[in-house]
Amino acid sequence: MAIRIFVTGGTFDKEYNELSGQLFFKDSHLPEMLQLGRARVPVDIRTLMMIDSLEMTDIDRELIARHCSEADEAQIVITHGTDTMADTAAVLAQRVKGKTIVLTGAMIPYKFGSSDGLFNLGSAIAFVQTLPPGVYVAMNGRCFEAGKVRKNKLTGEFEETAS
């Protein structure tokens with residue numbers, strides 16, 4: 001069975017407007033990234049929303065949880081903004097059982113060319129195929145359990161917490 005990938009936005013899919021100097025959303029870069037990475041794993045990509053995670057609401061998180069619960073696939077990757085990724089992971093851990101869900105994102109937009117997004121996406125796809133059911137955050141080659149991870153705003157890295 002394919003891996004379901006839910007797109008929610010975040011830095012992963014942002015683009016740069018050269019005239020205004022602002023970042024914005026257009027289309028997801030996931031198909032291009034998977035092609036560039038020569039991924040041979042069957043995937044089913046669905047865009048749920050294209051928002052910055054700082055703008056994500058409890059209603060948005062409930063929508064993500066509902067789609068995860070209703071998905072036929074047992075393996076799910078979610079692209080998500082890094083600022084509130086740990087929050088969404090915690091909600092999913094409470095609401096969705098019996099599936100392996102891995103959230104990932106990027107610190108630098110894919111379109112900037114020096115993004116960590118391609119590596120993080122590849123890592124998330126590998127982790128979702130090998131980890132037991134549960135909810136995880138995969139960033140920069142590391143994987144963390146939901147409820148035991150945070151983004152360190154000083155270092156820009158994800159780190160394990162006590163709980």
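Two strands are taken to pair if DSSP finds at least two bridges between them. The structure described here is a predicted model.

**Strand 5 and its partners**

Strand 5 pairs with strand 1 in the parallel sense over four bridges, and strand 6 also runs parallel to strand 5, to which five bridges join it. Isoleucine 76 of strand 5 stands opposite arginine 4; in strand 6, the bridge partner of isoleucine 76 is isoleucine 101. From strand 5 the chain passes through helix 3 to strand 6, forming a right-handed β-α-β crossover. Strand 5 is largely enclosed by the rest of the structure, because four of its five residues are buried.

| Strand pair | Sense | Bridges |
|---|---|---|
| Strand 1 and strand 5 | parallel | four bridges |
| Strand 5 and strand 6 | parallel | five bridges |

**Nonpolar cores**

The largest nonpolar core has 25 residues, of which Ile64, Cys68, Ile78, Leu92, Ile101 and Leu103 touch the most other members. Elements that each supply at least two residues of this core include strand 4 (43-51), helix 2 (58-70) and strand 7 (134-139). Helix 3 gives the largest share of this core, four residues. A second, separate core comprises 17 residues, among them Val7, Val77, Ala124 and Val128.

Beyond its neighbours within four places in sequence, isoleucine 101 is in contact with Cys68, Ile76, Ile78, Leu92, Val96, Gly134, Val135 and Tyr136.

**Threonine 11**

The unreviewed UniProt entry places the feature "active site" at Thr11. Threonine 11 lies in the loop between strand 1 (3-9) and strand 2 (14-16). Its relative accessibility is 18%, so threonine 11 counts as buried.

Definitions and conventions. Residues numbered from 1 in each chain as written. Predicted model: local features only at pLDDT ≥ 70, side-chain atom pairs only at ≥ 80, totals over all residues. Heavy atoms only, no water. Core = buried A, V, L, I, M, F, W, Y, C linked by side-chain atoms within 4.5 Å. Buried < 20%, exposed > 50% of the residue type's maximum accessible area, 1.4 Å probe, protein only. Contact = heavy atoms within 4.5 Å. UniProt positions renumbered as here; feature names shortened; annotations may be inferred. Right-handed = clockwise from strand over helix to strand, strands pointing away.
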